[in-house]
Amino acid sequence: MAPIIKITHLAKFFGRLQVLKDVSLEVNSQEVVCIIGRSGAGKSTLLRCINFLEEPSFGDIEVDGLCVSGGKKTKEQRELIHEIRLRTGMVFQEFNLFPHMSVLENVMEGPVTVKKMDRASAQKIAEMNLERVGMSFKKNDYPNRISGGQKQRVAIARALAMEPKVMLFDEPTSALDPELIGEVLAVMKSLAHDGTTMLVVTHEMEFARDAANRVIVMHEGELVEQGTPAQVFDHPENVHTQALVERYRSGKTSQPSD
Amino acid sequence: MTTPSISAPPAKSQADLIYEMQVHAKRRFSIGVIISWFVMLAFLVFLFSSTKITIFNFTFKTIHIDGAFIRENLPFIASGIWVTIGISALSILFATILALLAALGRLSKFPPIYALCTFYVSLIRGTPLYLQIFFFFLALPQVGIILPGLWAGVLALGLNYGAYMSEIFRAGLSSVGKGQREAALAIGMTPGQMMQRIVVPQALRFAIPPTGNEFIAMLKDSALVSATGFVHELMWRATKVGRAQFHNLEALITAAVFYWVMTLVFSYFQSRLETRMSRGER
């Protein structure tokens, strides 16, 4: 079976600074892949290149068979990017819920505006996904009335409502108070359990260990190691992985985010 | 067991006492401000009351205004209120549309559109409003475009305020964070849908209270339209009767009172709107 995401020789520059150096990566259907690494290693940039929130400088991004190359974009390629965004769901560190819409409207917005679905069907889908993240009870509240953990769960429901082929998580718990992290990770674990294809950038080693099929370690814009959680956490080969695992073992499970 | 009868109220904690002191201090201040306002208002009225005062052997008389003239001409001047409000409302509507377009245009990556918006703002802000009003009323007929005074006024005021207000809308648009745009794009919105559904509604919320302020400013600047001589708003009426009967003092005071009261009334609604908009949200 073809991979859902296939990244080949991806490079990204911010001005003269090269943040990604020749990254190649595949994610298969129903796989849960966690990307770990120090702040500034390029994890978030890599993730954001997949749905073109960052423009790759060089290399190819292929999502669900749709391939777009880095560099200047033709009109056709812009349409492909749009199609890729429809097939990927993204969850941000800062939630980015729409503050002028209720929880329910936030989740309905994609189906109604993008998919042109009628409001009744969109509401059904939205309610189903809010149920899935355990947020139905707040559906008529506005985002400023709910906690950070609840916001992130709504944000997950909003992405799920578009029925994406793959979910991208960009440090979904880094902006949360420690006591709120658990509820978000629990939702993510249940998604993983249901067979959702997920690519997760995280500092939560515990989560990577429990939920991932594969762990990828990044350092200074490169993939330095990948393998099963057991391989990476128990028998790390690369020195940077060893340092990362060492710090995790000594009790520092999370670091300040990028 | 005996239950103690609760007769005395529970003692106030220190926090309660401090809080009460703060509330008292605030209240004393506002009462002081209100009293001072009334004293100043009374002084102003006294100044125009033609009262005789004698200090030692000097006798003064405060300014005399002709009450009969005011009573006689009050209905004539007052009927300009609706014209003033009408011009201001039409102009602010026109200005708001222009301001939003100009602010959106400045986000454009297409050079001519960006340039058009900055050119418009620069040209309008670089010339006097008074000149612009005359330009539409007096200069355009020379090239065959004859606008009635009202429309010349609305056009000039709208264009002028639109240029200034585009800055408000620009601030509104940039108040919507990058994360909001990214979230919209990530669920598959086109840039157009993103602007229409996510960015502009949030920017408008930000821009509505300052737009109220602009409307209040517009109420007063609409007086300039009287210069065309064809728009019978407050100022025009006041100067007309004032000049004709050489009672400019009375006529202008009357108009000033109307402007002031209108401003007070709209400012009250404006501040209520502001507190309502600032509640909730984020």
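Trainee: Is E55(A) buried, partly exposed or exposed?
Mentor: The model is predicted, and the value for this residue is computed from it. Buried stands for under 20% relative accessible area and exposed for over 50%. E55(A) has a relative accessibility of 30%, so this residue counts as partly exposed.

Trainee: With which residue does E55(A) form a salt bridge?
Mentor: The closest N and O atoms of the pair are 3.7 Å apart, and a salt bridge needs them within 4 Å. The partner of E55(A) is R78(A).

Trainee: How many residues apart in sequence are the parts that E55(A) and R78(A) tie together?
Mentor: The salt bridge in question is that of E55(A) with R78(A). E55(A) lies in the loop between helix 1 (43-50) and strand 4 (58-63) of chain A, while R78(A) lies in helix 2 (residues 75-87) of chain A. The pair therefore ties together parts whose separation in sequence is 23 residues.

Trainee: Which residue meets E163(A) in a salt bridge, and how many residues apart in sequence are the parts they tie together?
Mentor: The side chains of E163(A) and K115(A) meet in a salt bridge at 3.7 Å, N to O. E163(A) lies in the loop between helix 5 (148-160) and strand 7 (166-170) of chain A, and K115(A) in the loop between helix 3 and helix 4 (119-132) of chain A. E163(A) is exposed at 53% relative accessibility, whereas K115(A), at 35%, is partly exposed. The residue asked for is K115(A), and the separation in sequence is 48 residues.

Trainee: How much area do chain B and chain A bury between them?
Mentor: The contact takes 21 residues from chain B and 23 residues from chain A. Of the area buried between the two chains, 59% is on carbon and sulfur atoms. The total is about 1900 Å².

Trainee: Which residues of chain B lose the most area to chain A?
Mentor: The two chains bury about 1900 Å² between them. Three residues of chain B together give 29% of what that side buries. They are E182(B), A186(B) and I187(B).

Trainee: Which element gives the largest share of the side of chain B that touches chain A?
Mentor: Across the interface, eight residue pairs are in polar contact. On the side of chain B, the elements that give two or more residues are helix 7 (178-186) and helix 8 (191-221). The largest share is eight residues, and these come from helix 7 of chain B.

Trainee: Which residue of chain A does E182(B) meet in a salt bridge?
Mentor: Two salt bridges are counted between chain B and chain A. In the one that involves E182(B), N and O are 2.6 Å apart. E182(B) is also linked with R48(A), E54(A) and K178(B) in a network of salt bridges. The residue that E182(B) meets at 2.6 Å is R48(A).

Trainee: What does the pair of R197(B) and E109(A) join?
Mentor: The side chains of R197(B) and E109(A) meet in a salt bridge at 2.7 Å, N to O. R197(B) lies in helix 8 of chain B and E109(A) in helix 3 of chain A, so what the pair joins is two chains.

Trainee: Which residue has its backbone oxygen 3.0 Å from a polar atom of the side chain of H100(A)?
Mentor: H100(A) is in the loop between strand 6 and helix 3 (103-114) of chain A. H100(A) has a relative accessible area of 12%, so this residue is buried. The backbone oxygen belongs to R197(B).

Trainee: Which residue of chain B does T88(A) touch?
Mentor: T88(A) is in strand 6 (residues 88-91) of chain A and is buried, with a relative accessible area of 2%. Its side chain reaches the backbone oxygen of I84(A) at 3.0 Å. Apart from residues up to four places away in sequence, T88(A) touches N51(A), V63(A), P164(A), V166(A), L168(A) and, in chain B, A186(B).

Trainee: Is the pair of F135(B) and F136(B) stacked or edge-to-face?
Mentor: A search of the whole structure finds eight aromatic pairs over all chains. The rings of F135(B) and F136(B) have centres 5.9 Å apart and planes at 90°. Planes over 60 degrees apart count as edge-to-face, so this pair is edge-to-face.

Conventions
Residues are numbered from 1 along each chain as its sequence is written. Chains are lettered from A and ligands numbered from 1 in the order in which they are written. This is a predicted model: local features need pLDDT of at least 70, side-chain atom pairs count only at pLDDT 80 or more; totals for chains, interfaces and linings use all residues. Side-chain values use heavy atoms; hydrogens and water are left out. Contact means heavy atoms within 4.5 Å. Buried area is the accessible area (1.4 Å probe) that two parts lose on being put together, summed over both. A polar contact is a pair of N or O atoms within 3.5 Å; within protein, one must be able to donate a hydrogen and the other to accept it, and residues adjacent in sequence count only if both atoms are side-chain atoms. Helices (H or I, at least four residues) and strands (E, at least two) are DSSP runs, numbered from the N terminus. Rings of Phe, Tyr and Trp (its six-membered ring) pair if their centres lie within 6.5 Å; planes under 30 degrees apart count as stacked, over 60 as edge-to-face and the rest as tilted. Buried means under 20% relative accessible area, exposed over 50%, partly exposed in between (1.4 Å probe, protein chains only).
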